[in-house]
Amino acid sequence: MNLKELILNLVYDSDYIPMSKKELFSYLKVDKYTRKAVEDILKDLEKENKIRISNKKRIMPLTEEELSLTGKISIAQGGYGFFISDNEDFSDVFIKKDNLNSAHNNDRVKIEIIREKAEGKNAEGRVTNIIERANEEVIGTYQKNKGFGFVIADDKSFGDDIYIEDKFSKKAKNKDKVVVEIINYPKKGKPEGRITEIIGSKGDKNIDVLSLIRAHNLPYEFSKETKKETLYIEDFVSSIELNGRKDLRELFTVTIDGRDSKDFDDAISIEKNGKNYDLYVHIADVAHYVKKGSAIDDDAYERGNSTYLFNVVIPMLPEKLSNGICSLNPNEDRLSISLKMTVNPKGKVIANDFYEAVINSDYRLVYDDVNNFLDDNDESIYEDELLKEKLRDFDKLREILSNMRKKRGSIDFNFSESQIDVTDDGKVLNISNLERGSGNKMIEEFMLCANECVASLFAYMDFPFIYRIHEKPSEEKLESFKKALQAVGLNIKGSELHPKDFQQILEDVEGKDIEKVINLLMLRTMQKAKYSETRDIHFGLSTNFYTHFTSPIRRYPDLIVHRLLKKYIHNKIAKLNQTSLEKSLSKNAEHLSMTERRSEECERDVEDLFKCKYMRRFVGDDFYGNISSITDFGMFIELENTVEGLFMYKFSEDRYDYIEETMKAFNADSKRFYSIGDRVKIRVRDVDMYQGNIDFDMEVDYEIIS
């Protein structure tokens, strides 16, 4: 615990009696050399609005009200904003444009309430203090004038154009995409900045995607040192590297991935063992090639994971590793960490073994073909009878494992996932609902089983480890979810919901029009899964033991797990310093949870961008969809192709009322009620490329299907 955390813990302790600075120095036994550092920390905490210095110069904790009125600003397209409190139980507060006090999107602010919350309406507030600016850098388009210029932010919620003196323009050309650093926020007038980077010109290939990559601070270039190290990597497995490894090359082995996949980090084998099955999960031995402390390792850790942006991929590892020697390509010797699991007919793993191995995959299979073979009984897909037999065995084991997870309460979502077909230069050809067949589910089941098996091993050893945890939903989100369920006629009993309860809800709506909406609402209710050095439940999977082990080519946490597992295999794990390891794993878990969120946010923004690109051609056209959410300002509607848009009441000639108790919308002119899940007809009204927003008009003459 650092000194800053120590002071905060002291000040917010229930037994704390407010101290003066002098008393705090005495309590902390601060000498004359560290006094200045403590004073600076107190100034920082006060500036960050985490403590308050009273009129009597006492160091005070903030009251619950003061804590609630500190948070972030979210600016809407119309220029107004919403205050999101640090206190999760505090409702969002509406802030008019005139009351933002020059606050920009995501700035940390302090506000005051000027109008209390009323039925169906948020409380209204005014920004009184900007604690911390969020946007030190802004991505935008440069507009050149004589002697000066402006940068128009891609994020329209930023609000103001940024003034650029000619000497700070970095010789950018008109309409260049640039990164600008804000150097001054004057009390009056526009923010002032300096251009720090020119991303490219307007016509460059994928400039919009590259701008989003830069906006999310994703590292996308490997260091010179990494490039040098890559030159020395061989593209074949040498005989020396096979020493001490278990030879599994004669084992019938396949990989199953998407048709466009290039990095294959998992392969599977299966053998019958009486009534049981011996399932082998082979994972690329990335740790053999990526040594801790190397430049390649440093770059991989900084990225944390690969980021997939449809037609652009930012790999965690250089291509020579990810698509080359680490990839489990067919008919080539490859080094692996292999896990053998004996699974009984009830789906329980009754024995397991871990090996450093060498494999040679027999086939590189793709999901579409496997699904056609298993789900559509298309025997013509494959000629090899042994392959057909193995695929059927895989499928039987998939069903066994799936039933086992279902019995314990694991939640299987069935929400819409987008299949977006994009050309290399960024043109969107089509958007559809991605279908998941038995092949996809098979790999998913086997990887889940392997991840649990590895986590259980380290949990039972009570050895420092990095887990994948998924905490219970918050009470507030649970109440909102229950309310949404009641609005569609699903009544849930009991104050607390368990994984099995969620599973039962999904079974109740399976096959109904409302199924996708309920899946989406349930997903929004869940907490975000994260990495942790402390073992905790994985609520969604209904298990106490879970980690990530199966994708070391594209996820750094898996690489950490592999390194620990290799120590275990070689009986060297007892030699590790557990105290030091716990500290490093705590730091790793925090960093890698951040890199995952960073990638997901960028992936989501790029998906929104491509959906907007696609839907621009359909402005004025009609579509059918289902209402996915109803608010006091409009209804969100998801189309059959997974695109979601917003119908805003203010753009309609009819009058709409929001009925908060039942989460319904009422058209006061047509006397119609709208509920979550209703199938409606819409017309595409407008598409905002920069904000990633799609606006709909409601076809009120269309008969609602509930």
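Biologist: How do helix 2 and helix 3 lie to each other?
Modeller: Helix 2 and helix 3 (residues 35-47) pack at an angle of about 125°, with 11 Å between their axes. Helix 2 and helix 3 are therefore oblique to each other. Angles under 35 degrees count as roughly parallel, over 145 as roughly antiparallel, 65 to 115 as roughly perpendicular and the rest as oblique. The axes are lines fitted to C-alpha atoms, for helices over the stretch in contact, and angles run from 0 to 180 degrees between N-to-C directions. Helices are DSSP runs (H or I, at least four residues), numbered from the N terminus.

Biologist: Before I go on, where do these values come from?
Modeller: This is a predicted model, in which local features need pLDDT of at least 70 and side-chain atom pairs count only at pLDDT 80 or more, while totals for chains, interfaces and linings use all residues. Residues are numbered from 1 along each chain as its sequence is written, and side-chain values use heavy atoms, with hydrogens and water left out.

Biologist: Which residues meet between helix 2 and helix 3?
Modeller: Lys21, Leu24 and Phe25 of helix 2 meet Arg35, Val38, Glu39 and Leu42 of helix 3, where contact means heavy atoms within 4.5 Å. By class, that contact has 4 nonpolar, no polar and 3 charged residues. Ala, Val, Leu, Ile, Met, Phe, Trp, Tyr, Cys and Pro count as nonpolar, Asp, Glu, Lys and Arg as charged, and the others, Gly among them, as polar.

Biologist: And what about helix 1 and helix 2, what's the angle there?
Modeller: Helix 1 (residues 3-11) packs against helix 2 (residues 21-28) at about 115°, with the axes 13 Å apart. Helix 1 and helix 2 are therefore roughly perpendicular to each other. On the helix 1 side, Leu3, Leu6, Ile7 and Leu10 make the contact, and on the helix 2 side Leu24, Tyr27 and Leu28 do. That contact has 7 nonpolar residues, with no polar and no charged ones.

Biologist: Different topic. What lines the second largest pocket?
Modeller: The second largest pocket has 22 lining residues, and Lys292, Ile560, Arg563, Leu564 and Lys567 lie nearest its centre. Helix 16 gives the most to that lining, with 6 residues. By class, the lining has 9 nonpolar, 4 polar and 9 charged residues. On a 1 Å grid over the protein atoms alone, a pocket is an open set with protein on both sides within 12 Å along at least five of seven lines, a cavity is a set of points where a 1.4 Å probe fits but cannot get out, and lining residues have an atom within 4 Å of a point.

Biologist: And which residues line the largest cavity?
Modeller: Leu218, Pro219, Arg303, Asn305, Thr307, Ile314, Arg598 and Ser599 line the largest cavity. That lining divides into 3 nonpolar, 3 polar and 2 charged residues.

Methods: Helices (H or I, at least four residues) and strands (E, at least two) are DSSP runs, numbered from the N terminus.
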